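Good morning. I will go through one structure today, starting with its salt bridges and ending with its core. Please have a look at it first.

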Amino acid sequence: MPVRDWTDGHVERWLPVLPTLDPDIEGAVTRMSKLTVHLRRVREQSLADFDLERHEFDTLHKLAGRGGAASPSELAADLDLAPASVTGRLDGLERRGLIRRTPSRKDRRRVDVELTEPGRSAWRGAMAVLGREEERLLGVLPAAERALLSDMLRRIMVVAEADGGAGWR
């Protein structure tokens, strides 16, 4: 018999109340939800450990995803924020020494935003904590099963994202 988890008991409690409940669907959705909450808690703790607010991490993350340099308008688009909101974020990150703004080499009227070494270090540190936990959890599956899980979740997400449902930037 396989090892039981909290969700097994949850499903058993609800089956008599909702006889048409599909235990596999309820089990999968409940486990995904609980895993999401767990990973969110790990992320929040890692941000606290690296003295980062969530919006600071998100901005550093988008900047790192562009190779460590971007224009404020590119960051605004990536973060789905108004340019004025990004300016406020950048002001705070610059005061903390996590980014620097320099005149653009392409257009002197604009500025470029770059990760500083402390900014890159904080971002990488926070990412590493979450990455280790993801590896710990998914490491119980062999590579082929991880690929299968990813493929199955992709098929579900395609349906969820249809017609603008669960999509995000």
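I start with Asp58, which is partly exposed, with a relative accessible area of 24%. On this scale buried means under 20% relative accessible area, exposed means over 50%, and partly exposed is in between, with a 1.4 Å probe and protein chains only. Before going on, two notes on the source. This is a predicted model, where local features need pLDDT of at least 70 and side-chain atom pairs count only at pLDDT 80 or more, while totals for chains, interfaces and linings use all residues. Residues are numbered from 1 along each chain as its sequence is written, and side-chain values use heavy atoms, with hydrogens and water left out.

Which residue does Asp58 form a salt bridge with? The partner is Arg43, and the closest N and O atoms are 2.6 Å apart. A salt bridge here is a side-chain nitrogen of Lys or Arg within 4 Å of a carboxyl oxygen of Asp or Glu. Asp58 sits in helix H3, residues 54-65, and Arg43 in helix H2, so the pair links distant parts of the chain, 15 residues apart. Helices (H or I, at least four residues) and strands (E, at least two) are DSSP runs, numbered from the N terminus. Arg43 is buried, at a relative accessible area of 18%.

How many salt bridges does a search of the whole structure find? It finds 17. Another one joins the side chains of Arg31 and Asp8, at 2.9 Å from N to O. Arg31 is in helix H2 (residues 23-49) and Asp8 in helix H1 (residues 6-14), 23 residues apart. Arg31 is partly exposed at 31%, and Asp8 is partly exposed at 22%.

Then there is Arg101 with Asp91, where the closest N and O atoms are 2.4 Å apart. Relative accessibility is 24% for Arg101 and 29% for Asp91, and each counts as partly exposed.

Next, helix packing. Helix H4 (residues 72-79) and helix H5 (residues 83-95) pack at about 110 degrees, with their axes 9 Å apart. That makes H4 roughly perpendicular to H5, a label for angles of 65 to 115 degrees. From H4, Pro72, Leu75, Ala76 and Leu79 meet Pro83, Val86, Arg89 and Leu90 from H5. Contact means heavy atoms within 4.5 Å. By class, this contact has 7 nonpolar, no polar and 1 charged residues.

Last, the core. The largest nonpolar core has 20 residues, and Leu52, Leu60, Leu63, Leu75 and Ile99 touch the most other members. Such a core is a set of buried Ala, Val, Leu, Ile, Met, Phe, Trp, Tyr and Cys residues joined through side-chain atoms within 4.5 Å. H3 gives the most to this core, with 4 residues.

What about Leu98, buried or exposed? Leu98 is buried, with a relative accessible area of 6%, and its place is in the loop between H5 and E2. Leaving out residues up to four places away in sequence, Leu98 touches Leu52, Leu60 and Pro118, among others.

Conventions:
Axes fitted to C-alpha atoms, helices over the stretch in contact; angles between N-to-C directions. Parallel < 35°, antiparallel > 145°, perpendicular 65-115°, else oblique. Nonpolar A, V, L, I, M, F, W, Y, C, P; charged D, E, K, R; others polar.
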